[in-house]
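Here is a short briefing on one protein chain. Keep the sequence and the 3D view open as you read, and look up each residue as it comes.

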Amino acid sequence: QAHLVESGGGLVQAGGSLRLSCAASGRTFSLYGMGWFRQAPGKEREFVAAVGWSRDTYYADSVKGRFTISRDNAKNTVYLQMDSLKPEDTAVYYCAGSRILFTTVTGVDSWGQGTQVTVSS
């Protein structure tokens, strides 16, 4: 498994922006797919976005047009640019990595520790 470390969470007002980063180390050669999930209190962890080695991307419908995922393969880092944030985006955001390009938790091999994103109304 790879070791994933997130950064960039915080508190922002509705309509604002945040950029999350996730740096991978260790078995990075196994990370064909990298992406993000989120989990709000009392809810299940849900898919947000993922990007493949060739930069093919997938997004949850709830974030399409507002969030942009990208990756720097040379730096083993994935980014999530979050614009037009809404209070319902409030959650702990988890970085994820896998040998495949995933859209569900069952496809994930490695997880980060999570970073809190809070959007105030």
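Start with Asp89, which is buried, with a relative accessible area of 1%. The model you are viewing is predicted.

**Asp89, a buried acidic residue**

- Asp89 sits in the loop between β8 and β9.
- Why does Asp89 count as buried? Buried means under 20% relative accessible area, and Asp89 has 1%.
- Which side chain makes a polar contact with the side chain of Asp89? Arg66 does, at 2.7 Å.
- Leaving out residues up to four places away in sequence, Asp89 touches Arg38, Arg66, Phe67, Ser84, Val117 and Val119.

**The four-stranded sheet**

- Four strands form an open sheet in the order β1-β3-β8-β7, with antiparallel pairing.
- The edges belong to β1 (2–7) and β7. Each has a single partner strand, so one side of each lacks a neighbour in the sheet.
- From one strand to the next, the twist averages 15°.
- β1 and β3 run antiparallel and are joined by six bridges. Within this pairing, Val5 has Ala23 in β3 as its bridge partner.
- β3 covers residues 18–26 and pairs with β8 over six bridges, again in the antiparallel sense. Leu20 stands opposite Leu80 in β8.

**Two faces of β1**

- In a regular strand, side chains alternate between the two faces of the sheet.
- Look along β1 for this pattern. Ala2, Leu4 and Glu6 point to one face and are buried.

**The nonpolar core**

- In soluble globular proteins, nonpolar side chains tend to be buried together.
- The largest nonpolar core here has 32 residues. Which members touch the most other members? They are Trp36, Leu80, Met82 and Tyr93.
- β5 gives the largest share, five residues.

**The disulfide**

- A disulfide is a covalent bond between the sulfur atoms of two cysteines.
- How many disulfides does a search of the whole structure find? It finds one.
- Cys22 is joined to Cys95, with an S to S distance of 2.0 Å.
- The link connects distant parts of the chain: Cys22 is in strand β3 and Cys95 is in strand β9, 73 residues apart.
- The link of Cys22 and Cys95 is left-handed, with -85° about the S-S bond.
- Are these cysteines buried or exposed? Cys22 is buried at 0% relative accessibility, and Cys95 is also buried at 0%.

**Ser98 in strand β9**

- Ser98 lies in strand β9. Its relative accessible area is 1%, so Ser98 is buried.
- The side chain of Ser98 reaches the backbone nitrogen of Ile100 at 3.1 Å.
- Beyond four places in sequence, Ser98 touches Ser30, Leu31, Tyr32, Gly33, Gly107, Val108 and Asp109.

**Loop residues**

- Most residues other than glycine have a negative phi.
- Arg55 has a positive phi of about 70° although it is not a glycine. Arg55 is in the loop between β5 (46–51) and β6.
- Ser84 is not a glycine either, and has a positive phi of about 50°. Find Ser84 in the loop between β8 (77–82) and β9 (91–98).
- Ser84 is partly exposed, with a relative accessible area of 42%.
- Lys64 is in the loop between β6 (57–59) and β7 (67–72). Lys64 is partly exposed, with a relative accessible area of 49%.
- A polar contact of 3.2 Å links the side chain of Lys64 to that of Asp61.
- Lys64 lies 43 residues from Ser21 in sequence and 19 Å from Ser21 in space, C-alpha to C-alpha.

Methods:
Residues numbered from 1 in each chain as written. Predicted model: local features only at pLDDT ≥ 70, side-chain atom pairs only at ≥ 80, totals over all residues. Heavy atoms only, no water. Buried < 20%, exposed > 50% of the residue type's maximum accessible area, 1.4 Å probe, protein only. Polar contact = N/O pair within 3.5 Å; in protein donor to acceptor, adjacent residues only side chain to side chain. Contact = heavy atoms within 4.5 Å. Pairing = 2+ DSSP bridges. Axes fitted to C-alpha atoms, helices over the stretch in contact; angles between N-to-C directions. Core = buried A, V, L, I, M, F, W, Y, C linked by side-chain atoms within 4.5 Å. Disulfide = S-S within 2.5 Å.
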